[in-house]
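Please walk me through this protein model. Start with the overall build, then turn to single residues.

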Amino acid sequence: QVQLVESGGGSVQPGGSLTLSCVASGSGFIFSVLGWYRQAPGNEREVVATMRADGEARYGDSVRGRFTISRDNTANTVTLHMEKLRPDDTGVYYCKAVATPKGPSLRLSTTWGQGTQVTVSS
């Protein structure tokens, strides 16, 4: 099965930067999409950024221009570099993988990481 391990969360002052990393593991899978979502207390989980295997990236409206997603397909890692952080960026950030098994199957599976806390405050 697919497993995701996140790292890099922490506390930072407004205007600061943080980098989150996620390592995806799973034998026999192709990770069609790797990305980051976040959830603040009282809010729905929302997309932060995603990247397809071919490198096409999409960003949530509130983070576009401040966050950058990157992906290493050899190491199966996805990284989120966050700059100009604001208090409303605070939340639990989750790594997400959409995977399909190698071979003839077209079945997709979604796996979530445990989440890592990001707190932006002064």
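This report goes from the whole fold to selected residues.

## The whole chain

The model is predicted. The protein has eleven strands and zero helices. Reading along the sequence gives the pattern β-β-β-β-β-β-β-β-β-β-β. The radius of gyration is 14 Å, close to the 14 Å that the globule rule gives for 122 residues, so the protein is as compact as a globular protein of that length. Along the principal axes, the C-alpha trace spans about 50 × 25 × 20 Å.

How much of the protein counts as buried? The share is 37% of the 122 residues. The protein exposes about 6,700 Å². Carbon and sulfur atoms supply 48% of that area.

Contacts reach across the sequence too. Take the contacts between residues at least 6 apart in sequence. Of these, 55% join residues at least 24 apart.

The protein carries 12 positive and 10 negative charges.

## The disulfide

How many disulfides does the structure hold? It holds one. The bond joins C22 to C95, with an S to S distance of 2.1 Å. C22 lies in strand 3 (residues 18-25) and C95 lies in strand 9 (residues 91-101), so the pair ties together parts that are 73 residues apart in sequence. The angle about the S-S bond is -85 degrees, and the link is left-handed. Are these cysteines buried or exposed? Both C22 and C95 are buried.

T111 belongs to strand 10 (residues 109-112). Its relative accessibility is 17%, and buried means under 20%, so T111 counts as buried.

V48 is found in strand 5 (residues 46-52). Its relative accessible area is 0%, so V48 is buried. Which residues does V48 touch, not counting those up to four places away in sequence? They are W36, Y37, R38, R58, Y59, G60, V63, F67, L80 and Y93. G35 is 13 residues from V48 in sequence. In space, the C-alpha atoms of V48 and G35 are 7.6 Å apart.

G91 lies in strand 9, the strand that also holds C95. At 2% relative accessibility, G91 counts as buried. G91 touches Q39, A40, T116, Q117 and V118, again not counting residues up to four places away in sequence. N43 is 48 residues from G91 in sequence. The C-alpha atoms of G91 and N43 are 9.5 Å apart in space.

Where does N76 sit? N76 is in the loop between strand 7 (67-72) and strand 8 (77-82). Phi of N76 is near 55 degrees, a positive value in a residue other than glycine. At 25% relative accessibility, N76 counts as partly exposed.

K84 sits in the loop between strand 8 and strand 9. Phi of K84 is near 50 degrees, again a positive value in a residue other than glycine. Is K84 buried or exposed? The relative accessible area of K84 is 55%, and the cut-off for exposed is over 50%, so K84 is exposed.

S105 lies in the loop between strand 9 and strand 10. S105 is partly exposed, with a relative accessible area of 32%. How far apart are the C-alpha atoms of S105 and L18? They are separated by 38 Å. Along the chain, S105 and L18 are 87 residues apart.

## Side by side

The table sets out the accessibility of the residues discussed above.

| Residue | Relative accessible area | Class |
|---|---|---|
| V48 | 0% | buried |
| G91 | 2% | buried |
| T111 | 17% | buried |
| N76 | 25% | partly exposed |
| S105 | 32% | partly exposed |
| K84 | 55% | exposed |

The buried V48 is in strand 5. The buried G91 is in strand 9. The buried T111 is in strand 10. N76, partly exposed, is in a loop. S105, also partly exposed, is in a loop. The exposed K84 is in a loop as well.

Conventions: Residues numbered from 1 in each chain as written. Predicted model: local features only at pLDDT ≥ 70, side-chain atom pairs only at ≥ 80, totals over all residues. Heavy atoms only, no water. Helix = DSSP H or I, 4+ residues; strand = E, 2+ residues; numbered from the N terminus. Rg over C-alpha atoms; globule rule 2.2 N^0.38 Å. Buried < 20%, exposed > 50% of the residue type's maximum accessible area, 1.4 Å probe, protein only. Contact = heavy atoms within 4.5 Å. Areas by Shrake-Rupley, 256 points an atom, 1.4 Å probe, with all protein chains shown as cover. Lys, Arg positive; Asp, Glu negative; His and termini not counted. Charge placed at Lys NZ, Arg CZ, Asp CG, Glu CD. Disulfide = S-S within 2.5 Å.
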